[in-house]
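Have the sequence and the coordinates open as you read.

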Amino acid sequence: MSLASLEWGAKTRKTLGRPLLGRLVVDLPLLLTLLAVTAIGLVVLYSAVGEDLGRVARQGVRAAAGFAAFFVLAQLPPRYLRLWAPWLYCGVLGLLLAVAVEGEISQGAQRWLDIGIMRFQPSELMKLAAPMMVAWFMHDRTLPPTFPQLLVLLLIVAVPSVLIAEQPDLGTALLVIAAGGLTVLLAGISVRLIAFAVALCLGLAPLLWMSMLDYQRARVLTFLNPESDPLGAGYNIIQSKIAIGSGHLFGKGWLNGTQAHLEFLPERSTDFIFAVLAEEFGLLGLLLLLGLYLVLIGRGLYIAAQAQDTFTRLLAGTLSLTFFVYVFVNAGMVSGLLPVVGVPLPLVSAGGTSMVTLMAGFGILAAINGHRKLLPA
């Protein structure tokens, strides 16, 4: 093949490639930060699972699926998300009912659906579907919401939350409630109604306590006094605090965490992976990861502030603040500041459905920002 032909081919490919690449919506600050957090997660997971490359590879595949969801959703104009919100919500609600009837039981919980090629947790999808449904409901209505509208919003959030709590999965149920509640707050609910809601929650606290399962009550009591049962309910949190404290400023070094490698630290690849990071990379490692999380949250809030309609503004703000709640709750429970409720560390803990759902949420943020630029001024 002649040099002229090669040059012609290269020029043709370049010409054909430009329009396609130019049309792709990719939010670089989000993408680069997500890549950095995911890379840190795989490095820490390798140590947490005892250098098991197979498990790390499976998590890498899940991360790849998450990035695929990020890219696909980033290309969708937000008006399609608004049109699909009720269908997505009803579909996920149907999946939660299917879990209640035919869900796979593992470790005493009925949370998963097995579809042959994979099993997944529909409750994770509700973390996206609930705020989308709330934002859809408020899109064509005057803000702030009226009291009758708040009752409808309460129903939208309460129904899936009850189904998830019955699995039982109190942590995910609380996160769905938080996502729906944050959307309502961003809609401009009045201070009087907030005070009423707080008073109502305090009044219902005894009923909530009586409806909790024994192990859930034990978690609350352990949070108040972990040393009351150091070899039972308090074991996890005591070992976690030892791991975090032993990391000091610089940590013990990668693969040198004694609490994790000598198997003192339970659930070290999932809910308590934050303690593995602290033990091996110290305070500086924690600050690096938390700093990356802040970049993601800050970028999301910026996108929310720049959004051009009620649906996208509420949805972007809710996704960003809900991500903050995920990080805050996991870091708080692992360090003993909050009760243990089984919330994984976002994008770092092992788990497929959570990884893909979170990436999909950031894909929606990228779509809201990217397609906003295409709207006429």
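This is a predicted model: local features need pLDDT of at least 70, side-chain atom pairs count only at pLDDT 80 or more; totals for chains, interfaces and linings use all residues.

Numbering starts from 1 along each chain as its sequence is written, and side-chain values use heavy atoms, with hydrogens and water left out.

Let's begin with charge. Side chains of opposite charge can pair when their charged atoms come close. Here a salt bridge is a side-chain nitrogen of Lys or Arg within 4 Å of a carboxyl oxygen of Asp or Glu, and searching the whole structure turns up four salt bridges. In one of them, Asp-27 meets Arg-299 at 2.9 Å, N to O. This pair links distant parts of the chain, 272 residues apart: Asp-27 sits in the loop between helix H1 (3-23) and helix H2 (28-48), and Arg-299 in helix H12 (residues 273-306). Helices (H or I, at least four residues) are DSSP runs, numbered from the N terminus. Both Asp-27 and Arg-299 are buried, where buried means under 20% relative accessible area, exposed over 50%, and partly exposed in between (1.4 Å probe, protein chains only).

Another salt bridge joins Glu-279 and Lys-252, again with 2.9 Å from N to O. Glu-279 belongs to helix H12 and Lys-252 to the loop between helix H10 (235-246) and helix H11 (258-261), so the pair ties together parts that are 27 residues apart in sequence. Glu-279 counts as buried because its relative accessibility is 0%, whereas Lys-252, at 30%, counts as partly exposed. Arg-268 and Glu-263 also form a salt bridge, at 3.8 Å, N to O; there Glu-263 counts as exposed, with 59% relative accessibility.

Now turn to helix H5 (residues 122-139) and helix H7 (residues 170-186), which pack at an angle of about 15° with their axes 9 Å apart. That angle makes H5 roughly parallel to H7, a label for angles under 35 degrees. Their contact (heavy atoms within 4.5 Å) involves residues including Met-126 and Ala-130 of H5 and Leu-175 and Ala-179 of H7.

Finally, look at Asn-330 in helix H13 (residues 310-334). With 0% relative accessibility, Asn-330 counts as buried. Leaving aside residues up to four places away in sequence, Asn-330 touches Asp-271, Phe-274, Val-343, Pro-344 and Leu-345.

Technical notes. Helices (H or I, at least four residues) and strands (E, at least two) are DSSP runs, numbered from the N terminus. Axes are lines fitted to C-alpha atoms, for helices over the stretch in contact, and angles run from 0 to 180 degrees between N-to-C directions. Angles under 35 degrees count as roughly parallel, over 145 as roughly antiparallel, 65 to 115 as roughly perpendicular and the rest as oblique.
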